[in-house]
Amino acid sequence: MQPLLLHFDDETCAGALAHAAGLGAATIERHRFPDGELRLRLPPALPSRVVLYRSLHQPNEKLVELLIVARAARELGARELVLVAPYLAYMRQDMAFRPGEAVSQRIVGAFLGELFDAVITVDPHLHRISRLSEAVSARLAIAASAAPRIGAFLAEHGNDWLLLGPDAESAQWVAQAAAAGGFEHAVCTKARHGDREVSIDLPDLPLRGRRVAIVDDIASTGRTVAQAASLARAAGASEVVVAVTHALFAGDALAHLQSAGVSQVWSTDSVPHASNRIALAPLLAQTLAELSLL
Ligand code: R5P
């Protein structure tokens, strides 16, 4: 039997991946009991390889869903389970910053590794480690990057962008996006003082009259990209746009970007959001094919 792509009904991009990968797709039925518990129903006979599509923004309940679905899928005949999670949550808490803090990256990574044979994601936030397999203990733990696609997308909107990463961690994505689009690039330095408090220093290069694209993996509160944008505008940039892989944009993030002088916000569709412009289905299908998982 051909591998099957399973997804929940709120995963708007799962159909595009099934199409791009040439996979059949089925929806997991979900019933919520009055007390909040879930009843999940999968197709009763599964092929030996099942690909589950679940992007892990707002992850807490989804992690319980993954536990139930993965265990049920094996009972229903799946022998190999592949998780495609375009956004992989809990990757930023990668050390105990204060004694006693849980290192969520390691704990969630081990949880996924116990449930799935392969985990595929896009631009996970790997700061103090270099490979996803150091965090996720599945047999295959693969990180694809949307950065070249972000670079190519920016190139459709001009050939004169200066790509600016807001912090040292963004250097990897900014460099790849710049190479794909043929752009200059540089990174800022950032210090975080709280959930919504960051301070940023621009790199030492002239920004007057430049079109600047702030490129990062994640925008959550938006404070990081907003602060970089605001400084770039103050330094004379003629236009500042933001391009990110994961558009979490919590709370008033977008309003904050607007008041920082950002003219456009663009993102991939790893997290459904009005700013989505760059489809990840081709990249994910290509990754599945390269790993011989189709
Ligand atoms: C951290 O270094 C990440 O790459 C992002 O810069 C960060 O998560 C963005 O968070 P926020 O939007 O809340 O400033």
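## A cluster of rings

Ring pairs join Phe153, Trp161 and Trp266 into a cluster. Keep in mind that you're looking at a predicted model. There are two aromatic pairs in the structure.

## Arginine 211, on a ring and in a salt bridge

What lies over the face of tryptophan 161? That's arginine 211, at 4.0 Å from the ring centre. The side chain of arginine 211 also meets that of glutamate 239 in a salt bridge (3.0 Å, N to O). Glutamate 239 belongs to strand E13 (residues 239-247) and arginine 211 to strand E12, and the two are 28 residues apart.

## The seven-stranded sheet

Next, have a look at the open sheet of seven strands, which has mixed pairing and the order E3-E2-E1-E4-E5-E6-E7. Its edge strands, E3 (38-41) and E7 (140-144), each pair on one side only. On average, neighbouring strands are turned by 20 degrees against each other, direction ignored.

Strand E1 (residues 4-8) and strand E4 (residues 49-53) run parallel and are joined by four bridges. Leucine 4, for instance, has valine 50 in E4 as its bridge partner. Helix H8 (residues 281-290) packs on the sheet, where it touches E4, E5 (80-85), E6 (118-122) and E7, and its direction makes about 150 degrees with that of E6.

Side chains of opposite charge can pair when their charged atoms come close. How many salt bridges does the structure hold? The count is 18. One of them brings together the side chains of arginine 139 and glutamate 80 (2.9 Å, N to O). Arginine 139 is in the loop between E6 and E7, while glutamate 80 is in strand E5, 59 residues apart. Arginine 139 counts as exposed, at 58% relative accessibility, whereas glutamate 80 is buried, with a relative accessible area of 16%.

Asp9, Asp10, Glu11, Arg30, Arg54 and Glu65 are linked in a salt-bridge network.

Terms used: Residues are numbered from 1 along each chain as its sequence is written. This is a predicted model: local features need pLDDT of at least 70, side-chain atom pairs count only at pLDDT 80 or more; totals for chains, interfaces and linings use all residues. Side-chain values use heavy atoms; hydrogens and water are left out. Rings of Phe, Tyr and Trp (its six-membered ring) pair if their centres lie within 6.5 Å; planes under 30 degrees apart count as stacked, over 60 as edge-to-face and the rest as tilted. A charge sits over a ring if NZ of Lys or CZ of Arg is within 6 Å of the ring centre and within 35 degrees of the ring normal. Two strands pair if DSSP finds at least two bridges between them. Axes are lines fitted to C-alpha atoms, for helices over the stretch in contact, and angles run from 0 to 180 degrees between N-to-C directions. Contact means heavy atoms within 4.5 Å. A salt bridge is a side-chain nitrogen of Lys or Arg within 4 Å of a carboxyl oxygen of Asp or Glu. Buried means under 20% relative accessible area, exposed over 50%, partly exposed in between (1.4 Å probe, protein chains only).
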